[in-house]
Amino acid sequence: MKPENLLLRSPTSRKLTTGCEILDECLRGGFPCNSMTEIVAESGCGKTQLCLQLSLCAQLPISLGGLDGSSLYLHSEFPFPFRRLHQLSRSFHQSNPSIYANHNDNPCDHVFVQNVHSVDHLFDIMPRIDSFVRNSKKRFPLKLIVLDSIAALFRSEFDNTPSDLKKRSSLFFKVSGKLKQLANKFDLAVVITNQVTDFVESSDGLSGLRIGNLRYLCSSGRRVVPALGLAWANCVNSRFFISRSDKIVCKEKTENDESGPSSVSRRAQRRLDIVFSPYLPGASCEFMITREGICAVQA
Amino acid sequence: MEAWRLPVSSSIRGKLISAGYTSLSSISSVSSSDLARDVNITEEEAFEIMKLANQASGSNSCNGSRSLINGAKNAWDMLHEEDSLPRITTSCSDLDNILGGGISCRDVTEIGGVPGIGKTQIGIQLSVNVQIPREFGGLGGKAIYIDTEGSFMVERALQIAEACVEDMKEYTGYMHKHFKANQVEMKPKDILENIIYFRVCSYTEQIALVNHLDKFISENKDVKVVIIDSITFHFRQDFDDLAQRTRVLSEMALKFMKLAKKFSLAVVLLNQVTTKYTQGTFQLALALGDSWSHSCTNRVILYWNGDERYAYIDKSPSLPSASASYTVTSRGLRNSSSSSKRVKMM
């Protein structure tokens, strides 16, 4: 058995840019390769938007923070947002024409979508993913795997009995082990999304167990807890939490317009917090979702 | 066997006998410094005599009054040995204090906690600190880091290594100029080179690597710490036969203990936590079950208390139960700076 020579690795591991400079600064470059990152958020917060944007950014050349590769998007929730992907892809193509000029293709050609409906199905496709990565074309080899979302895979089949929960936990480690093995073998970035459940104060106090930098996670004005519990939290390398709060922005009334109503525009503010990570200090960043994708708000 | 049979000069022989060392067993049962003092000879000569005595008594079965069984030591000698064992600092003096000075060599220490509490950070800090040269109070050794989860990030190790080099440079300013002249400056790159990194992706790889470690360390004698991050990840998957898992784990634990004792190095196992149903409620416990708790010498549990990270000595043959707080900074593990902290003795 031979040890790995650490000096051969780049001093900063390769990172996948999020497409937004300020988010990248908060994450010190973006999502790391050879590592499993989890995005936890309430539904409607922007996890899928961020994942779609990552799948496109993976095609950027390495000098621009991309991975110069294609991405595999495994989705377990229906329906897959094809229209939104096309919309993002069009603006991506417009801003980066040089990548596609010589081959006359478009960014959507390099995002591979696969539907996963249960954990067993996921294990069934693993060997196919392995050979897919191995045989991927020279031009855009597979560099990113997105699983959206892991919680939906486990929602229906398991009851709340201790034996089922135990079975479920061992499946977490199996899934995580296989994905990390792939990530290590081919230097891929793996991004997994997870849902939240409402926090209910239980008698044993374990659902309120503090994990990571934030004492508790709040979204849409209420306290939430990431789904799948402590066992899954042990399986990922980093965890980011996206929350939303509805901020009301008021427009000021002009001097001689006392009678008219003041116009109020509601903008949903999103916030990314780093819950835990092996190399990032706890930090947070605010962003918005626009037609072109995700862009951060200046602090 | 009589001392006058030893192949030494007659003047030394005379001194030995007049000091009372008439049998070989009495010579082999003291330390060389005691022998030198009693017989009024130099330490090197005493050391030579002891070597000869040990050789001679090894060739016949020895029935001296002090060493009844070959290889047995008395507790006094063991105490001397233990006191002189070096310890690896964690860079956090509060944590070092409750650990009795640092992570002890020759012991298997298990450190467990929830995700995000700093287990990998402690692992990386130890693999850097073991390389601190002896002139600065460290061990000057190498580290083996076995990564089962993929949490080891080179940039973080580099950050911690740079902070360590900076601290050493600052300390050099206070050192005696005699030592300063012989200083070889350590660079962060050198520190990274001395971390022998293995990545294992399945439990079979993990078992194979642990079995191979004996041979590997015999060829790399300057390894002083072996860190496994984490020991449990590959074992929490579904094992068809739970008895097999227990057997495999206890074999692994035994190998670690042997490694620690044989090569006088520290073995640090990082563990995860899980919920255990005891006495009608769910409680947090370290993973891998009750039988695993016997496989380590010392056990440290990391937990959150409010906004502070705390470490608690859960099991140790010699240290009292105590807890201390620490923080994880960009420079690595450090003391927490809160004014209300205190070391709690249980």
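1. Ser230(B) sits in the loop between strand S6 (223-229) and helix H12 (242-263) of chain B. Helices (H or I, at least four residues) and strands (E, at least two) are DSSP runs, numbered from the N terminus. The peptide bond from Asp229(B) to Ser230(B) is cis, omega near -10°.

2. This is a predicted model, where local features need pLDDT of at least 70, side-chain atom pairs count only at pLDDT 80 or more, and totals for chains, interfaces and linings use all residues. Residues are numbered from 1 along each chain as its sequence is written, chains are lettered from A and ligands numbered from 1 in the order written, and side-chain values use heavy atoms, with hydrogens and water left out.

3. Chain A has a cis bond too: Asp148(A) to Ser149(A), omega about -5°. Ser149(A) lies in the loop between strand S6 (142-148) and helix H6 (150-155) of chain A.

4. Check two positive phi values. Arg28(A), not a glycine, has phi of about 55°. Its loop runs between helix H1 (21-26) and strand S2 (31-32) of chain A. Ser264(B), also not a glycine, has phi near 55°. That residue is in the loop between H12 and strand S7 (266-271) of chain B.

5. Confidence in chain A: the average pLDDT (the predictor's confidence in each residue, from 0 to 100) is 84, and 89% of the residues score at least 70. Residues 249-260 of chain A stay under 50. For that stretch the model has 10 contacts (heavy atoms within 4.5 Å) beyond four places in sequence.
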